[in-house]
Amino acid sequence: MSESLRRVKSRVTSTASSSNAHGTRTDVEPWRRECDESSPNASHRLKTAGSAVPSKPPMSWLQYPKPENASDRPRPAVLVGLPASPGGLPCVDLDFEGAGRAAIEHLAELGHTTVGVVAHADEFREQGTSFAVRFARGIHDAGNATGLDVTLVGSDGSGGGTHAAVDAILAAAPGTSAFIVHNEPALPHVRAHLAAHGRTVPGDVSVLAVCPADVAERQSTPVTAVEIPAEHLGAAAVDMLVDRIAETRPAEIRLVAPTLVDRGSTRRH
């Protein structure tokens, strides 16, 4: 189960407990059964009086079907993520365009002029996957605004694919002094391959990730990151869902502002 969905489960349970304490009934048992990690559907749909539905489950982002139209659903729902076509459903997601801008602006402030980006595989952008397209747009726009030379290469997240991506960046821009990694499985491979090239972090090259805090913290050495706030997204999704259950509201798209946490893997160039 993804971290955002764990936070959804925690928030719904907390909301239900609060409701019961105030004498109102919230039926979360069907949701708890389907949200259990042993359920094959746990990564795809969470049920209560409404549904908090992830729009991009980890193992099948490219194949995941379009969300149902709001009018076709028997109960209220909120999407965690922002698909290209939300189907009239409310959505909550990180502002990935803002995350791309924040990453570039941080490196520009440190004096870097040539930056490599290891992103998700090219298919994500070619097929219009929303978070990947928005992130690339933020990187592009901030690169233009700051004058940075930015090379973006996709990776499938494997060791071989990531090593090839790093090599492609260094071949295209040998002066690359910083890497942005928006691909969680690729992050440790980027660090390892840079070390194999004799480049220390942050002594020779800066590394910045876009990932949840726990991913950034559990690397061999912690990584400066624009954080994907799983807890905030999960809590916001449930709050939006509760509001829609309580009263009919227009569909809302809520983008959470990015936050950069410096853990020492970037330095002035």
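Predicted model: local features only at pLDDT ≥ 70, side-chain atom pairs only at ≥ 80, totals over all residues.

Colleague: Why is the pair of F96 and F131 called tilted?

Modeller: The rings of F96 and F131 have their centres 5.6 Å apart, and centres within 6.5 Å count as a pair. Their planes stand at 55°, while under 30 degrees would be stacked and over 60 edge-to-face, so the pair is tilted. F96 lies in helix α3 and F131 in helix α5, so the pair ties together parts that are 35 residues apart in sequence.

Colleague: What makes the pair of F124 and F131 edge-to-face?

Modeller: The centres of these two rings are 6.0 Å apart, and the planes of F124 and F131 make 70°, which is over the 60 degrees required, so this pair is edge-to-face. F96, F124 and F131 together form one aromatic cluster.

Colleague: How do you know whether F124 and F131 are buried or exposed?

Modeller: Buried means under 20% relative accessible area; F124 has 12% relative accessibility and therefore counts as buried, and F131, at 3%, counts as buried too.

Colleague: Turning to the sheet, why are β6 and β11 said to stand at the edges?

Modeller: The open sheet has six strands in the order β6-β5-β7-β8-β9-β11, with mixed pairing. Both β6 (149-155) and β11 (259-261) have a single partner strand, so one side of each is left without a neighbour in the sheet.

Colleague: What makes β7 and β8 a pair?

Modeller: Two strands pair if there are at least two bridges between them, and β7 and β8 are joined in the parallel sense over four bridges.

Note on methods
Residues numbered from 1 in each chain as written. Heavy atoms only, no water. Helix = DSSP H or I, 4+ residues; strand = E, 2+ residues; numbered from the N terminus. Buried < 20%, exposed > 50% of the residue type's maximum accessible area, 1.4 Å probe, protein only.
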